[in-house]
Amino acid sequence: MWHLITAPVLLPMLTALLIMLPPIHYSPMRRRWLSMVSAAIQLVLAVMLLLQVQQQGLLHYAVGNWQAPFGIILVADTLSVVMVCLTSFLALGAICYGSAGEDEKGSFFHPLFQFQIMGINGAFLTGDLFNLFVFFEVLLIASYALLIHAGGKNKTKAAVHYVVLNLTGSAIFLISLAVLYGTLGTLNIADMALKVAALPAEDMMLVKAGGLMLMIVFALKAAVLPLQFWLPATYSSASAPVAALFAVMTKIGVYALLRVYSTIFGPDAGELSGIAADWLLPAGLATIALGAVGVMASQDFRKLVANLVLVSVGTLVSLVALQTELSAAAALYYTVHSTLVTAALFLLADLIANQRGKAADRLVSGRRVIQPVLLGFMFVLAALTVAGLPPFSGFIGKLMLLQAATEPTNRLLLWSFVLVSSLLVIIGLSRAGSTLFWRISGSDAAGEKAAPLQVFSVCWLLLASPLLVIFAGPLTELSHQAAAQLYDTSATIEIILGQSVSQGETP
Amino acid sequence: METLFACCIGFLTACGVFLMLRGRTFPVVLGLTMLSYAVNLFIFSSGRLTLRGAAVLGTAEQYADPLPQALVLTAIVIGFAMTAFLVILAIRARADLGNDHVDGKLPDAANMKKESR
C-alpha cells in the first residue's frame with residue numbers, strides 16, 4: 001500500500017502505452033474498453049488513496065528512495081488527493097462520452113487522454129516545483145494534441161495561440177524556477193517554505209521577483225484576467241470530451257497558486273507572506289466581471305460555457321487571494337462543484353448541437369431537438385447548479401465562499417461581485433435555454449438521438465451535484481480538514497523533512 | 001565573465017521577445033527558440049558560474065552544483081520537443097488556414113499599406 005501514491009501517475013501511463021500496442025490498438029472496441037476500465041480503476045485507487053490519507057495523515061513518497069530535499073518526492077495531502085479523485089471522476093465521464101464515437105474522428109484519442117490524466121495527477125501529487133513543471137509539460141503536450149483532435153480550421157487556429165502562449169508561459173516558469181533555485185538552493189516545496197522563512201535581507205527582492213513570476217505562470221494556466229484571452233476560443237473549439245477534461249486544467253493553475261502561496265509564501269514566510277494577494281484579488285474579481293459579461297454576450301452555447309469557466313476561475317482566484325483557512329476550504333468545495341458542472345455543460349452543449357442541424361450550438365432559432373425532455377431536463381439541472389440556486393451544489397459552494405470573506409472590505413467586494421455575476425449568469429443561461437429549446441423554426445427534427453453512453457456520461461457528471469448536496473456535511477468537513485492541513489506548514493515540513501532537518505543540525 | 005553572460009542572456013531574451021511579437025508563425029517559432037536558449041543559459045547560471053569546478057564529490061577543492069545541469073538538460077529536452085510540435089502545428093495551420101499569420105487571417109489591405117510605409 002506504500003506505493004499506492006504512485007498509482008495515479010503510473011496507471012494512466014501504462015494504460016496509454018498498452019493501448020498503443022498492436023493487439024489493442026487495432027480494435028476500436030478494445031481501445032475504448034481498456035481506457036474506460038482503466039479510468040474506473042483509477043477512480044477506485046484515488047478513493048483508496050483518499051481513505052489512506054484520512055487515516056494516516058499526510059503521505060510522502062521518495063521516488064527512487066532519494067530522500068527529500070535531494071530527491072523528487074510525491075506528496076499526498078487531503079487537498080491534492082481530493083483533486084486527484086475529482087480528475088478521475090471527470091475523466092471517467094469524459095472517456096465514456098468520447099467512446100460513443102468522438103474518439104474515432106482522429107487517431108490516438110485514448111492514449112493522449114490517458115497521458116493528459118497522468119500529467120494532471122502528477123501535477124497534483126508532486127512535492128517539487130521542477131517536477132511540477134515537468135508534469136505541466138506532460139499534460140500540456142497531450143492537451144495540444146487533443147485540442148486539434150478531429151481537425152478543422154477553428155481548432156488549428158485556437159491551437160496555434162494556445163501552444164505559443166503556453167510555451168511562453170513555460171519559459172517564464174523556468175526563469176522563475178532558476179531565480180528561486182539560485183537564491184534558495186532548493187526546489188522542494190516544503191524545503192523552500194523553510195528557506196523562505198529564514199531568508200537573508202539581500203535576497204529578499206530576488207525571491208519576491210521569482211515568486212511573483214510564478215504567479216504570472218499560474219495565472220496564465222488558470223486564465224485570470226489579463227491572461228485569459230486564450231480560454232474562450234480554445235475551450236469552445238475543442239471537441240466535447242476534451243473540453244470536459246479541460247475544465248479541470250484551469251483548476252490546476254488555481255491549485256498551484258493555492259499550494260505555492262499558502263505553503264512557500266504562506267503565513268510563516270515572514271516579510272514575503274502573502275506577496276500575491278494584492279495582485280490576485282483585483283485580478284480575480286475582474287475575471288468574475290469579465291466572465292459574467294462574456295456569458296451575457298456569447299453568441300453560441302459553447303462560448304457561454306467557456307465564459308462560465310472564467311467566472312468560476314475568477315471566484316476561485318479571489319478565494320485564494322483571501323489566504324485564510326476558511327477561504328481555502330470554500331475554494332476546494334467550489335472547485336469540485338464548478339469543475340463537474342462545467343464539464344457536464346460542455347458535453348451537454350455537444351449533445352444539443354448535434355440535434356439542432358445547421359444552427360448547431362449558436363443561439364439562434366433552429367430545428368427542434370429530438371429529445372427535448374431529456375436534454376431540457378439536463379439543461380435545467382446544470383443551469384440551476386452552475387448559477388448557484390438553492391437545492392443544488394452551487395448554492396452550498398457560493399454560501400461557503402460568501403462566508404469565507406470575513407474582513408469588511410473583502411466581504412463587500414466579493415459579495416457584490418459574486419452575487420451580481422450570479423444574476424448575470426442566470427439571465428444569460430435563461431436566454432440561452434429559451435433560444436435553444438423554444439425558438440424553433442424550419443422543418444422538423446432530423447438529427448441523431450444521443451447514444452446511451454453519452455447520456456450516461458452527462459448524467460454521471462450531473463448527478464454529482466445532488467450527491468455533493470446530500471453529502472455536503474462530510475464534504476465540507478473534508479474541505480476544512482484539507483485547508484487546515486494546507487495551512488499547517490510546520491507539520492508538513494516536519495513530516496517531509498523530518499529526518500533531514502535533524503541531520504542538518506549536526507554538522 | 002558574469003557581465004558577459006548576463007548581457008548574452010539579456011540580448012537573447014530581447015531578440016526572442018521581439019521576434020515573438022511578430023505577426024507570422026515562423027518568426028514566432030524562432031523567437032520562442034531564442035527565448036528558450038536564454039532560459040536554458042539562465043537556469044545553468046543559477047548554480048553560480050565557477051571555473052574548473054568538479055561535479056563529482058572528492059575530486060577537487062571546488063564543486064559545481066550538479067542540479068542546475070540536470071534541470072537544464074530536462075528543460076532542453078522538453079523545449080526541443082515543444083518546438084518540434086509547434087513547427088508541425090505551424091505547417092498545418094499554413095495548410096488549413098491558407099496563410100501563415102498567427103491569427104489565421106491576414107490584416108486588411110489598408111492596414112498592410114500603412115505598415116509598409
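Student: Which residues of chain A form a nonpolar patch on the surface, and about how much accessible area do they have together?

Tutor: The model is predicted, so local features need pLDDT of at least 70 and side-chain atom pairs count only at pLDDT 80 or more, whereas totals for chains, interfaces and linings use all residues. Residues are numbered from 1 along each chain as its sequence is written, chains are lettered from A and ligands numbered from 1 in the order in which they are written, and side-chain values use heavy atoms, without hydrogens and water.

The surface patch consists of A:Leu10, A:Leu14, A:Leu17, A:Met20 and A:Phe108, which together have about 420 Å² of accessible area. Such a patch joins nonpolar side chains (Val, Leu, Ile, Met, Phe, Trp, Tyr) within 5 Å, taking residues with over 30% relative accessible area and no salt bridge; areas come from the Shrake-Rupley method with a 1.4 Å probe, and only the protein chains shown count as cover. One member, A:Phe108, sits in the loop between α4 (78-98) and α5 (109-125) of chain A, where helices are DSSP runs (H or I, at least four residues) numbered from the N terminus. Because its relative accessible area is 38%, A:Phe108 is partly exposed, that is, between buried (under 20%) and exposed (over 50%).

Helix α5 of chain A also holds A:Gln116. A:Gln116 counts as buried because its relative accessibility is 0%. Beyond its neighbours within four places in sequence, A:Gln116 is in contact (heavy atoms within 4.5 Å) with residues including A:Leu139, A:Ser143, A:Phe246 and A:Met249.

Chain A also meets chain B, with 28 residues of chain A in contact with 28 residues of chain B. About 2600 Å² is buried between the two chains, and carbon and sulfur atoms give 81% of this; buried area is the accessible area (1.4 Å probe) that two parts lose on being put together, summed over both. The count of salt bridges between chain A and chain B is zero, a salt bridge being a side-chain nitrogen of Lys or Arg within 4 Å of a carboxyl oxygen of Asp or Glu. On the side of chain A that touches chain B, the elements giving two or more residues are α6 (129-147) and α7 (153-184) of chain A. The largest share, 17 residues, comes from α7(A).

Notes:
Patch = residues over 30% accessible without salt bridge, like charges linked within 9 Å, V, L, I, M, F, W, Y side chains within 5 Å. Buried < 20%, exposed > 50% of the residue type's maximum accessible area, 1.4 Å probe, protein only.
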